[in-house]
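Subject: Structure handover

Hello,

Here is the structure you were waiting for. Please open it alongside this note.

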Amino acid sequence: MDLYSLDPTKFVKPGFGVCCRVSATIHSKQASTTDDVRHFRILFISRALCHTDWLMIHSVLKTSRFLNPHREALGLTSVVGDFVCHLALSSMKQINSKVDSSLCTLAPSKEPSIADSVSASGNGTISSMSVQSTPEIEKKFVHHVYDAIAPHFSATRFAKWPKVSSFLSSLPLGSLLLDAGCGNGKYLGLNQDCSFIGCDISPSLIKICSDRGHEVLVADAVNLPYRTGFGDAAISIAVLHHLSTENRRRKAIEELVRVVKKGGHVLITVWAVEQEDTTLITKWTPLPEKYVEEWVGPGSPRARTPSPLPLESIPESEESSTGENIKVCSETNVYRDLEEEKHIKNQQEYFVPWHLPYHRAEISGASAHALAAGLATKDDRKGAVVYNRYYHVFSEGELESLTTGINNARIVDQFFDKSNWCIILEKTA
Amino acid sequence: MRLLTHNMLSSNIKGVVNGFPLRIEAEKVAEKSVEMNREFLKKMFQKVHWKAFVDASRAMGYTELPEKADSSMLNSDEFLNRFHHALLELHLEEGALVCPETGRRFPVNKGIPNMLLPQEEVLLSIIIC
């Protein structure tokens with residue numbers, strides 16, 4: 001792929017978003033006769049080589065994203081390729097990159113040069129920002145999936161969990177309850193005497209809530225756009241297990257505590273490693289070691305205790321649960337069995353399949369897109385498009401340990417129920 | 001989006017010191033009547049930032065709220081009706097919420113505010129640093 005035609009006037013900047021429009025010519029293998037000219041939106045720019053007036057561009061998005069620069073669209077975006085291309089751009093010095101209050105603007109400027117302004121920025125914002133920036137694994141295997149399966153997911157999610165219901169009905173008359181990661185909103189409005197505000201990162205799920213008349217918004221549970229102490233209580237039901245680093249899980253809890261008033265309660269539930277239905281786990285795909293390290297990072301408990309066992313020895317497909325599983329085990333020696341057991345116990349990072357029936361998949365173009373991008377597979381036998389959802393299942397005591405650094409909350413209750421770990425916190429100051 | 005929600009929302013852009021209140025750009029406002037809950041209103045009165053609430057209601061075209069309010073006014077049915085109407089019955093259907101510090105616009109479409117920060121903003125600040 002060649003990139004050229006870099007007219008500086010094609011650099012545009014709507015709001016604070018960085019949008020560089022570049023014409024690219026693709027020498028398509030399929031269509032060798034005609035070059036396909038497309039526009040791309042540049043997503044990642046590093047300052048490598050910028051002292052030589054070269055910019056390194058790591059990935060670009062298709063023009064559709066550019067024309068529709070909303071977050072919803074980005075969730076469905078596929079990266080065209082992780083190629084590195086060099087833009088020979090003598091006028092690059094006109095483009096100033098400025099990091100101010102963590103906002104970036106690429107705009108023509110009087111200020112010196114990229115290298116100068118970039119080196120003057122930073123100021124230790126990296127660590128705090130990286131907690132808030134959504135890792136690829138969550139975008140691809142959580143947000144994208146829920147956007148694609150939203151109607152089907154919602155149609156199958158109506159059972160209200162008694163523990164959550166009793167928490168909600170215990171709230172005093174006139175309470176304001178905040179639901180972070182409300183999904184299809186099945187808990188919103190459950191207590192008629194209270195007011196509910198829900199948020200979720202999936203616009204498709206939020207639309208379902210809104211159509212049902214709930215007060216909702218699109219927001220990230222790791223970075224709630226709420227004033228401190230406004231809510232009377234908060235819940236986060238089956239959300240934290242979709243966050244892929246320990247720091248992000250801890251930040252999400254801190255956010256829940258932050259947004260409730262002093263004395264307010266927070267209920268958090270997450271999937272447990274200890275599943276009551278053990279056959280369920282055999283249908284899950286443990287994440288390969290390299291992905292755990294690459295995506296989840298060294299901060300995760302799993303990555304700290306690497307197992308020497310290769311992935312192939314772990315039952316990873318649904319077929320494995322129907323008997324082939326046993327065969328595999330009988331062929332391995334005792335040592336391997338023990339290692340495998342240990343491995344499964346330590347295993348906390350999984351892909352959990354979601355089967356979207358063909359008749360539902362056809363409704364949304366998202367599935368076709370996902371199949372093309374390799375984010376979903378077809379299972380003709382089941383007549384479904386299979387999506388993988390990323391899960392970090394929680395071990396015993398893990399929720400509690402995440403709250404240890406939070407000084408202004410105490411644990412009111414914690415329990416295991418229906419394969420979930422649950423904790424109720426009270427904000428003390 | 002109700003004004004109750006607006007009164008809670010704050011710009012969550014990293015580095016923003018005071019992201020509250022978000023300025024409302026109203027393109028389309030709807031009214032949906034709901035039953036009044038006095039207890040809820042009395043509780044909410046303690047939380048609501050009154051000036052932000054009055055400014056927001058005016059941005060939505062509703063001018064019946066007094067400039068200043070104190071809890072003794074909660075005994076007045078007329079006041080409660082207006083408070084109730086502005087807090088829970090006015091909906092911003094189309095428009096935007098604007099960060100008071102950065103000017104960043106968060107769109108509101110079909111009554112749903114989108115408070116996500118484009119990943120470019122987050123990612124670039126990491127990568128460029």
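Predicted model: local features only at pLDDT ≥ 70, side-chain atom pairs only at ≥ 80, totals over all residues.

Residues are numbered from 1 along each chain as its sequence is written, chains are lettered from A and ligands numbered from 1 in the order in which they are written, and side-chain values use heavy atoms, with hydrogens and water left out.

**Chain B overall**

Chain B has five helices and four strands. Helices (H or I, at least four residues) and strands (E, at least two) are DSSP runs, numbered from the N terminus. Read from the N terminus, the order is α-β-α-α-α-β-β-β-α. Chain B has 129 residues, and 57% of them count as buried. Buried means under 20% relative accessible area, exposed over 50%, and partly exposed in between (1.4 Å probe, protein chains only).

Now take contacts in chain B between residues at least 6 apart in sequence: 66% of them join residues at least 24 apart. Contact means heavy atoms within 4.5 Å.

**Two helix pairs**

Two packed helices are described by the angle between their axes and the distance between the axes. Axes are lines fitted to C-alpha atoms, for helices over the stretch in contact, and angles run from 0 to 180 degrees between N-to-C directions.

In chain B, the axes of helix H2 (residues 38-47) and helix H4 (residues 77-89) come within 11 Å and cross at roughly 80°. H2(B) is therefore roughly perpendicular to H4(B) (65 to 115 degrees; under 35 is roughly parallel, over 145 roughly antiparallel, the rest oblique). H2(B) contributes Arg38(B), Phe40(B), Leu41(B), Met44(B) and Phe45(B). Residues on the H4(B) side include Phe79(B), Leu80(B) and Phe83(B). The contact has nine nonpolar, one polar and two charged residues. Ala, Val, Leu, Ile, Met, Phe, Trp, Tyr, Cys and Pro count as nonpolar, Asp, Glu, Lys and Arg as charged, and the others, Gly among them, as polar.

In chain A, helix H5 (residues 136-155) packs with helix H7 (residues 203-211) at about 35°, with axes 7 Å apart. Among the H5(A) residues involved are Tyr146(A) and Phe153(A); among those of H7(A) are Leu205(A) and Ile208(A). The contact divides into seven nonpolar, two polar and one charged.

**Backbone points**

- The Phe20(B) to Pro21(B) peptide bond is cis, with omega near -5°. Pro21(B) sits in the loop between helix H1 (3-8) and strand S1 (23-31) of chain B.
- Lys418(A) is not a glycine, yet has a positive phi of about 50°. Its loop joins strand S18 (409-417) and strand S19 (420-427) of chain A. Lys418(A) is partly exposed, at 44% relative accessibility.
- Ser419(A), in the loop between S18 and S19 of chain A, has a positive phi of about 65°. Ser419(A) is buried, at 8%.

**A buried lysine**

Lys251(A) lies in helix H8 (residues 246-259) of chain A. Its relative accessibility is 16%, so Lys251(A) counts as buried. Beyond neighbours within four places in sequence, Lys251(A) is in contact with Val131(A), Gln132(A) and Val222(A).

Best wishes
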